[in-house]
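This briefing takes up how two chains meet and then how one of them is built.

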Amino acid sequence: MGEIAAGGGGGHKKGGKVRSKKMSTRIDMTPMVDLAFLLLTFFVLTTTMNKPKTMEIRIPEKDDNSEPIDINERRVVTLLLGDNDKIYWYPGINPATLQEANYSKSGIRKILQENETKINALFGNKEQSMFVFIKPLDESNYKNVVDILDEMKVVDITKYALMEATGQDKSIIQQYASSMGAPNTP
Amino acid sequence: MGKVKPHRSSPTIDMTPMVDLAFLLVTFFMLTAKFRPEEPVQVTTPKSNSQIIIPENDVLTLTLSKEGAVYIDVSGKSARKQLITNMGEKYGISFTEEEKEKFAGGSSIAIPMGNMKQFLALDLKAQKAVKQPGIPKDTAQNELVDWIKQARLSNTRLRVAIKGDENTKFPEVNKVLKTLQETNVTVFNLLTSPENDK
């Protein structure tokens, strides 16, 4: 074919035998590489992105006949998880000192840290560190529970218990809400 | 000495090794990528700072939708087949081989046992259209207990993971926790998505 093309052309100065042009064996691979890397990026991103993380929790056994442990009330902090991402908390077992907090860094985390240092100063040993009761109210949602458990991990509180809110807790919140809500209502 | 001519190298690089490598990696990722079957319910998991990654195998996932419906999912086709066989025996329903295969190939399911046969008779498209009511988990009628028990019987290394929606109300979550306690599953995982904004 090269020869025919050369003969047809005829415009060569030498007129003699035309050497067939040596075609380069290289192909431009750029588009192929582009495609390959595009696919590569796609698969890399899709495989690693949707790995869910997990939080391991442990609940007591149902027929737990072990003796209930006595805890000094000064070591206890009770958190009540309410609606609209609110936390109500009080130190000890006296709900009269109920206060409101939120899930932010400067909210509950600070409170927990402050209480922890206070309790550590009071008792001064690791065995008797702060004990947190977490009582989610019916209005709270799953996110609140996970958030507060996460907070336990962040603040490094090892002693906490997730328990059901009692009727007493609910009335405390109601009382608090009505006492706080009164001045705000127009 | 004579002048050394600088060696003129061609401006094109041989890209073959790079392409080889790229395609090798593409093939690897394509083969390892697992396209999970479409979930019947969309769930937004809450965020946490936790870094533990859930293993892919031997997991029993309880998906908890916003409305509080529980969907159950067991990883592994053979485990799923075993599970539906066991559940059938427990509830006195005999499933055909075809129905078992269908269950094994599916994803999360939230159909009470009474309607299971009916549901498995549908084709995939019709199944997707069905609004699944959730596995009964109330104290009066608690099928979830049996599901968990049977799943654990068919695979002793099973881990339980709860995948709840952010906005699921706590009483619904509590019902699941109570059920787990009843079946003596005292260690389990809460699936969360990584926190990116902090």
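Two strands are taken to pair if DSSP finds at least two bridges between them. In this predicted model, β1(A) is joined by two bridges to strand β2 of chain B, residues 52–53, and the two strands run antiparallel.

**Pairing across the chains**
- Within β2(B), Ile52(B) is the bridge partner of Thr54(A).

**The contact between chain A and chain B**
- On the side of chain A, 37 residues are in contact with 46 residues of chain B.
- Elements of chain A that each give two or more residues to the side touching chain B are α2 (30–49), β1 (53–58) and α4 (142–155), and it is α2(A) that gives the most, with ten residues.
- By residue class, the side of chain A that touches chain B divides into 19 nonpolar, five polar and 13 charged residues.

**Fold of chain B**
- Chain B holds seven helices and six strands, and their order along the sequence follows the pattern α-β-β-β-β-α-α-α-α-α-β-α-β.
- Among the contacts in chain B between residues at least 6 apart in sequence, 70% join residues that are at least 24 apart.

**Dimensions and burial of chain B**
- The radius of gyration of chain B is 24 Å, whereas a compact globule of 198 residues would have one near 16 Å.
- The C-alpha trace of chain B spans about 100 × 45 × 35 Å along its principal axes.
- Of the 198 residues in chain B, 30% count as buried.

Technical notes:
Residues are numbered from 1 along each chain as its sequence is written. Chains are lettered from A and ligands numbered from 1 in the order in which they are written. This is a predicted model: local features need pLDDT of at least 70, side-chain atom pairs count only at pLDDT 80 or more; totals for chains, interfaces and linings use all residues. Two residues are in contact if their C-beta atoms, placed from the backbone, lie within 7 Å. Helices (H or I, at least four residues) and strands (E, at least two) are DSSP runs, numbered from the N terminus. Ala, Val, Leu, Ile, Met, Phe, Trp, Tyr, Cys and Pro count as nonpolar, Asp, Glu, Lys and Arg as charged, and the others, Gly among them, as polar. The radius of gyration is taken over C-alpha atoms; the globule rule is 2.2 Å times the number of residues to the power 0.38. A residue is buried if 20 or more other C-beta atoms lie within 10 Å of its own, exposed if 12 or fewer, and partly exposed in between; C-beta atoms are placed from the backbone.
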